[in-house]
Amino acid sequence: MTDTARRVFIVEDEIMVAFEMVDLVEDLGFEIVGPSIHLDDAKAIAKEQEIDIAFLDVNLGSGKTSRPVAKALRERGIPFVFITAYDRDQIDFLEPGDVVLKKPLSGDTLARTLADADLNKARSD
């Protein structure tokens with residue numbers, strides 16, 4: 001693990017949930033990218049910003065999903081986790097290997113997910 005804080009991108013359309021996640025992730029020692037609450041902003045950040053891992057709310061309201069954001073991250077090789085209140089089988093755009101966490105997320109779940117991502121990153125470095 002490096003001394004540089006890992007950058008975590010959060011996409012969540014519910015602003016209170018987004019800020020709760022920001023607080024939890026920052027308390028774990030990670031740097032936040034975003035949070036993005038709108039799809040267009042999230043797509044731009046996903047294409048341009050330095051990101052180590054992302055948490056993507058599946059439903060971004062008004063019929064929009066985080067699918068385009070996931071596509072941009074996937075093209076850059078950036079790992080991401082979908083977060084949702086839906087069951088996995090209710091999401092029609094998942095690809096094999098996509099990770100889905102059920103809302104509400106606990107601090108323990110976030111910490112475990114980020115630790116797993118760090119371990120996987122360390123193995124690939």
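Student: In what order do the elements of the chain run from the N terminus on?
Tutor: This is a predicted model, and in it the elements run β-α-β-α-β-β-β-α-β-β-α. That makes four helices and seven strands.

Student: And how compact is the chain?
Tutor: Its radius of gyration is 13 Å, close to the 14 Å that the globule rule gives for 125 residues, so the chain is as compact as a globular protein of that length. The C-alpha atoms fill a box of roughly 40 × 30 × 25 Å along the principal axes.

Student: Back to the strands. Which order do they take in the open sheet?
Tutor: Five strands form that sheet, in the order S2-S1-S3-S6-S7, with parallel pairing.

Student: Why is one side of S2 and of S7 left without a neighbour?
Tutor: Strand S2 (31-36) and strand S7 (99-102) stand at the edges and have a single partner strand each, so one side of each has no neighbour in the sheet. On average, neighbouring strands here are turned by 20° against each other, ignoring direction.

Student: How many bridges join S6 to S7?
Tutor: Four bridges link S7 to strand S6, which covers residues 80-84. In this pair, Thr84 stands opposite Lys102 of S7.

Student: What does helix H1 touch on the sheet?
Tutor: Helix H1 (residues 15-27) packs on it, touching strands S1, S2, S3 and S6. The direction of H1 makes about 175° with that of S2.

Student: New topic: what share of the residues is buried?
Tutor: Of the 125 residues of the chain, 40% count as buried. The accessible surface comes to about 7,200 Å², and 48% of that belongs to carbon and sulfur atoms.

Notes
Residues are numbered from 1 along each chain as its sequence is written. This is a predicted model: local features need pLDDT of at least 70, side-chain atom pairs count only at pLDDT 80 or more; totals for chains, interfaces and linings use all residues. Side-chain values use heavy atoms; hydrogens and water are left out. Two strands pair if DSSP finds at least two bridges between them. Helices (H or I, at least four residues) and strands (E, at least two) are DSSP runs, numbered from the N terminus. Axes are lines fitted to C-alpha atoms, for helices over the stretch in contact, and angles run from 0 to 180 degrees between N-to-C directions. Contact means heavy atoms within 4.5 Å. The radius of gyration is taken over C-alpha atoms; the globule rule is 2.2 Å times the number of residues to the power 0.38. Buried means under 20% relative accessible area, exposed over 50%, partly exposed in between (1.4 Å probe, protein chains only). Accessible areas come from the Shrake-Rupley method with a 1.4 Å probe; for residues, only the protein chains shown count as cover.
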